[in-house]
There are 2 protein chains.
Amino acid sequence: MTDQPTSIVAGAESATADVAAATQAAEDAFAQYRATTPQQRADFLEAVAAEIEADTDALVEAAVAESHLPQGRITGEVGRTTGQLRMFAGVVRRGDHLGVRVDPAQPDRTPLPRADIRQRMIPLGPVAVFGASNFPLAFSTAGGDTASALAAGCPVVVKGHPAHPRTGYLVAKAVSRAVASAGLPAGTFSFLLGDGIELGQELVRDPRITAVGFTGSRGGGLALVRAAAEREVPIPVYAEMSSINPVVVLPGALEGDVAGLAQAYVGSLTLGSGQFCTNPGLLFLPRGAAGDAFVAAAAEAVGQASGTQMLTSGIAQAYAEGTARQSSGDGMTVLATGSAGEGSDAPAPQLTEAASADSPVVADEVFGPAGVVIRYDSVEGLLPSLADLEGQLTATVHAAAGDAEAARALLPTLERKVGRILFNGWPTGVEVGHAMVHGGPFPATSDSRTTSVGSLAIERFQRPVAYQDVPADVLPEALRDDNPWGLLRRVDGELQA
Amino acid sequence: MTDQPTSIVAGAESATADVAAATQAAEDAFAQYRATTPQQRADFLEAVAAEIEADTDALVEAAVAESHLPQGRITGEVGRTTGQLRMFAGVVRRGDHLGVRVDPAQPDRTPLPRADIRQRMIPLGPVAVFGASNFPLAFSTAGGDTASALAAGCPVVVKGHPAHPRTGYLVAKAVSRAVASAGLPAGTFSFLLGDGIELGQELVRDPRITAVGFTGSRGGGLALVRAAAEREVPIPVYAEMSSINPVVVLPGALEGDVAGLAQAYVGSLTLGSGQFCTNPGLLFLPRGAAGDAFVAAAAEAVGQASGTQMLTSGIAQAYAEGTARQSSGDGMTVLATGSAGEGSDAPAPQLTEAASADSPVVADEVFGPAGVVIRYDSVEGLLPSLADLEGQLTATVHAAAGDAEAARALLPTLERKVGRILFNGWPTGVEVGHAMVHGGPFPATSDSRTTSVGSLAIERFQRPVAYQDVPADVLPEALRDDNPWGLLRRVDGELQA
């Protein structure tokens with residue numbers, strides 16, 4: 001590596017993270033960037049993907065070194081990051097993000113004529129993005145938040161994550177190259193590196209910032225939510241924060257290969273040192289012999305698992321404290337402890353049983369390979385425990401054909417708790433698609449009405465504007481009668497191509 | 001009138017406004033209400049409209065007596081209220097509010113197969129609605145917020161406005177009749193009457209409430225926003241609060257019938273005693289002879305206008321204080337004062353000129369028939385004044401064919417300030433349609449990402465949930481392969497019937 005990571009404000013490198021310079025450059029770039037046609041903006045998003053792809057080798061080397069995540073995982077993340085940008089480019093090229101609605105004039109309506117009213121979505125303005133430590137590419141500098149804000153037409157100022165400054169810097173350079181070659185203002189994208197929480201707070205308080213995307217801890221997210229609410233002009237914060245991702249194993253699911261199911265659970269629990277927002281931290285299991293066999297097999301698998309180096313010493317330290325709380329809490333019993341890996345930051349996986357879901361220890365997310373099992377007597381008896389959970393990103397159900405009735409009974413309760421319900425799989429994979437929801441009720445996120453993964457994420461950075469009786473030669477292109485961009489439009493409420 | 005207004009909690013009348021009883025009934029009703037099919041829910045919304053219509057005579061009598069608004073206006077409001085419910089019924093019957101997305105499984109994808117992922121919108125839960133004083137029907141008990149929350153599938157608890165308790169009560173009885181005849185749980189709709197701000201605060205703090213709709217003052221709205229943010233689980237508040245609705249008269253617009261234009265302006269300014277959120281409180285006018293003529297004609301019209309009784313003594317008192325601030329502020333000149341109407345609460349319309357838009361007096365909304373005029377030298381010089389305005393519900397441009405270039409120059413600035421831009425009309429009429437936006441940047445509303453009028457308003461009370469590999473016999477009807485409701489769905493991102 002030759003490049004020393006540094007801040008990149010409006011295309012130029014600088015040793016200091018100058019928040020005001022970056023936000024002013026973003027504000028100055030906004031008018032031109034948001035005026036890009038769907039075609040231009042889609043081309044730009046694809047150019048960002050291509051620039052990142054061109055740097056794959058350097059990026060993988062940097063990200064593996066900084067995150068301690070395996071090379072295969074990081075290579076996959078490059079593909080996920082570029083695939084996401086290209087998927088958003090597809091949405092933008094179709095103009096679907098514009099959400100155009102036309103209610104034509106009715107000059108002869110009585111008692112009053114109706115005006116011509118048209119609606120489109122416009123971008124909010126400059127967006128601040130806080131990358132996550134656990135996905136140095138897909139949820140970081142040019143990850144989902146950045147891609148969706150750029151797709152919406154918002155300039156982006158990224159606060160680079162201090163756990164992977166070199167990776168972030170290389171990605172930021174790639175994005176800046178795409179900005180330059182597209183002829184866009186350099187302030188369309190800036191990247192700020194700096195220590196401490198002050199930089200982030202300053203960014204969120206800056207009056208030129210109009211929305212915030214964040215993935216990280218509950219404490220960090222809530223601090224940004226507070227700062228945003230206390231501004232003279234409050235702004236939306238999309239903070240993805242905390243989730244223990246309950247799994248419900250229904251009785252029928254234990255009629256098959258119980259040991260295999262338990263091993264798959266432990267595989268998801270310990271994947272990537274458990275450092276996923278969607279890690280299955282809490283598992284509800286029927287009482288009885290089949291459940292006992294699952295516990296025995298899961299305990300054996302955890303006992304055989306060894307730790308791998310975590311993202312940062314701080315995360316490893318928090319994990320050690322969290323597992324200590326879980327193993328010593330009232331009504332908690334340790335079922336198995338794996339072995340620590342090499343180095344000081346590779347703590348052992350742990351499996352605990354909780355006597356009930358009521359314990360506050362159960363509700364606290366422990367970020368890492370720590371699972372809690374709770375046994376239940378009946379699905380009916382399980383429902384109140386699920387209803388009492390805090391909001392979550394995901395809920396998983398393992399069910400066989402005979403469990404359909406129980407599964408249908410669970411669904412309404414789970415829907416009110418989570419953003420994604422999945423069957424007979426594990427929550428740790430989050431597909432980037434049009435139907436994905438990576439979100440959920442508070443405190444899983446600060447705003448349940450949206451998602452941070454998938455194309456619906458673009459809508460987070462937009463708002464509707466109505467145009468009433470605007471003359472044809474003044475009307476924005478997206479709204480013109482001749483529909484020059486060939487948009488799908490809702491005319492008097494009905495979709496028309 | 002025989003009926004004494006009182007609270008209606010879960011269908012039964014009670015003298016006390018029991019918040020907990022109403023919210024618990026709403027929570028209890030939620031599962032059944034949200035499970036209604038599109039057809040059932042649409043039928044119910046239409047039944048609400050029919051029940052209100054059946055009571056038109058009593059409603060008009062009560063609303064005229066309580067609001068002092070003219071009978072024709074109130075009769076129109078009944079039609080607007082029922083028309084709104086029926087329009088939302090149409091959206092719900094088509095199932096458009098469900099926003100269904102399907103990403104089919106790709107079992108053969110490499111390196112990893114893709115799961116089957118489907119998305120729909122679900123309702124948030126019980127919603128608290130605070131009606132507005134100035135639209136005792138269309139923005140109150142069964143107004144836009146209630147209609148859109150019910151359309152989304154959310155039970156509603158209305159805090160009845162103390163300025164029209166009898167009107168609110170009659171509407172609430174009509175809604176409750178529709179709830180009963182649809183076989184829905186009585187808690188689907190409750191109506192609480194009580195004095196003071198404590199009742200509203202208690203309602204917003206109640207843990208069973210999941211979102212809030214409000215139309216009213218900035219102080220009132222911000223207090224609810226704060227209360228909602230301080231909850232253990234924060235919830236969204238859609239508060240429509242404050243707007244002075246700038247009007248820009250471009251030079252070409254003064255080449256025609258200047259006096260007629262000025263009279264139309266004063267007509268909009270004084271309509272309904274100026275008690276509209278969209279009242280045109282601030283008008284930018286070119287310097288020069290034509291502008292002088294406009295001012296003279298407007299001043300004459302205001303001078304000849306007389307006050308009409310305002311909604312409440314409190315509003316009349318606030319208007320008196322506001323016009324006093326406007327007439328005595330630095331750089332402010334009174335151009336004309338009309339005459340007071342009969343009674344103590346019918347203050348005189350007032351027209352003032354401000355030397356510049358910088359004065360804080362100019363930015364403060366004065367609710368009532370008070371207009372401020374600012375003269376400008378050039379459109380270029382006008383842009384910074386517009387850019388410095390707070391967020392607004394509307395901006396109006398008066399322009400002739402020769403003003404197109406200037407109008408195009410204004411548009412990007414206006415778009416960032418308002419929710420609706422209208423040409424050659426007046427902002428006081430708000431059409432209920434699919435393309436309408438009645439919203440705008442803070443402080444016009446607390447959440448610019450949506451609208452409180454028009455069918456997009458339904459989305460405020462929903463959130464997305466993804467269903468991954470959910471078995472066919474467990475999947476909600478809206479998401480099934482055979483598409484029993486005939487929904488338009490986004491399949492792999494592309495809309496398909």
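User: How do you know how much area is buried between chain A and chain B?
Analyst: Buried area is the accessible area (1.4 Å probe) that two parts lose on being put together, summed over both. For chain A and chain B that comes to about 5,900 Å², with carbon and sulfur atoms giving 53%. This is a predicted model, where local features need pLDDT of at least 70 and side-chain atom pairs pLDDT 80 or more, while totals for chains, interfaces and linings use all residues. Residues are numbered from 1 along each chain as its sequence is written, chains are lettered from A in the order in which they are written, and side-chain values use heavy atoms, leaving out hydrogens and water.

User: What makes residues of chain A and chain B count as in contact, and how many are there?
Analyst: Contact means heavy atoms within 4.5 Å. By that rule, 72 residues of chain A are in contact with 73 residues of chain B.

User: Why is the link between A:R120 and B:E415 called a salt bridge?
Analyst: The rule asks for a side-chain nitrogen of Lys or Arg within 4 Å of a carboxyl oxygen of Asp or Glu. The closest N and O atoms of A:R120 and B:E415 are 2.5 Å apart, so the pair meets the rule. Across this interface of chain A and chain B the rule finds 12 salt bridges, and over all chains the count is 50.

User: What makes A:R166 and A:E61 a salt bridge, and where do they lie?
Analyst: Their side chains meet at 3.5 Å, N to O, so they too pass the cut-off. A:R166 is in helix 6 (residues 165-181) of chain A and A:E61 in helix 3 (residues 56-67) of chain A, so the pair links distant parts of the chain, 105 residues apart. Helices here are DSSP runs (H or I, at least four residues) and strands are runs of E (at least two), numbered from the N terminus.

User: How do you know that strand 16 of chain A pairs with strand 17 of chain B?
Analyst: Two strands pair if DSSP finds at least two bridges between them. Here 3 bridges join the strands, which run parallel. For instance, the bridge partner of A:R420 is B:A466.

User: Why is the aromatic pair of A:Y265 and A:F294 called tilted?
Analyst: Rings of Phe, Tyr and Trp (its six-membered ring) pair if their centres lie within 6.5 Å; planes under 30 degrees apart are stacked, over 60 edge-to-face and the rest tilted. With 5.9 Å centre to centre and 35° between the planes, this pair counts as tilted. A:Y265 lies in helix 9 and A:F294 in helix 10 of chain A, so the pair ties together parts 29 residues apart in sequence.
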